[in-house]
Amino acid sequence: MSFALAILLLFAAMPSHALQKVRKEGMKISASEVTKETIPIFKGIESAWRSGNAGALAEFVGEQRVHLSLRGLDEEGGYFSKPQVFYLFKRMFKTTKLKRFEFVKFHNSGSKARKVYGTAYRSFESTSSGRLFQDKVYVTLKLEGERWVVSEIKSTW
């Protein structure tokens, strides 16, 4: 059995309190463990986005400001607090009609698994012009204490 496989099996068998200790001490966490913890968060973001629920989306924001650079927000990119995120998304959901929002990829951004990001495909229609837009949305989660929170949402087109 390879050393990497043995380490992976060790983490998979650890109880959650032991994983929290590993995280606090800054040791490496396996990519599969990060996936177990973050996939439900990404799915919650996907569900909130699809239903146009700005309040539910804002709940994924932590104590620190979030960087937003997103087509359809009617704001230039910048750092925003949780209440600002709520109002920006609330306004965006009123001025656009979502056609598709679906996460298609997830990535661990570092060896210590302190940040992960998901890539989603999005299609939406502007309610004022009727134009259809398609882009990729990148959502970055970071560990804030013992909770994964959104640290950045940006889109490319």
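**A cavity and a core**

Trp49, Met92, Phe93, Thr96, Leu98, Arg122 and Phe124 line the largest cavity. The model is a predicted one. One cavity of 30 Å³ or more is counted here. The volume of the largest cavity is about 30 Å³.

What kinds of residue make up the lining of the largest cavity? Five are nonpolar, one is polar and one is charged. Now look at where they come from. Helix α5 (82–95) and strands β3 (96–108) and β4 (115–126) each give at least two residues to this lining.

Next comes the core. In soluble globular proteins, nonpolar side chains tend to be buried together. The largest nonpolar core in this model has 30 residues. Ile45, Trp49, Leu68, Phe89, Val139, Leu141 and Ile153 touch the most other members.

Residues up to four places away in sequence are set aside. Ile153 then touches Trp49, His67, Leu68, Ser69, Leu70, Phe89, Val137, Tyr138 and Val139. Trp49 also lines the largest cavity.

Finally, turn to Thr38 in helix α3. Is Thr38 buried or exposed? Its relative accessible area is 3%, so Thr38 counts as buried, since the cut-off for buried is under 20%. Which residues does Thr38 contact, leaving aside neighbours within four places in sequence? They are Val116, Leu141 and Trp148. Leu141 is also one of the core residues that touch the most other members.

Note on methods: Residues numbered from 1 in each chain as written. Predicted model: local features only at pLDDT ≥ 70, side-chain atom pairs only at ≥ 80, totals over all residues. Heavy atoms only, no water. 1 Å grid on protein atoms, 1.4 Å probe; cavity = no way out; pocket = protein on both sides within 12 Å on 5 of 7 lines; lining within 4 Å. Points joined across faces, edges and corners; volume = space filled by probe spheres on them. Helix = DSSP H or I, 4+ residues; strand = E, 2+ residues; numbered from the N terminus. Nonpolar A, V, L, I, M, F, W, Y, C, P; charged D, E, K, R; others polar. Core = buried A, V, L, I, M, F, W, Y, C linked by side-chain atoms within 4.5 Å. Buried < 20%, exposed > 50% of the residue type's maximum accessible area, 1.4 Å probe, protein only. Contact = heavy atoms within 4.5 Å.
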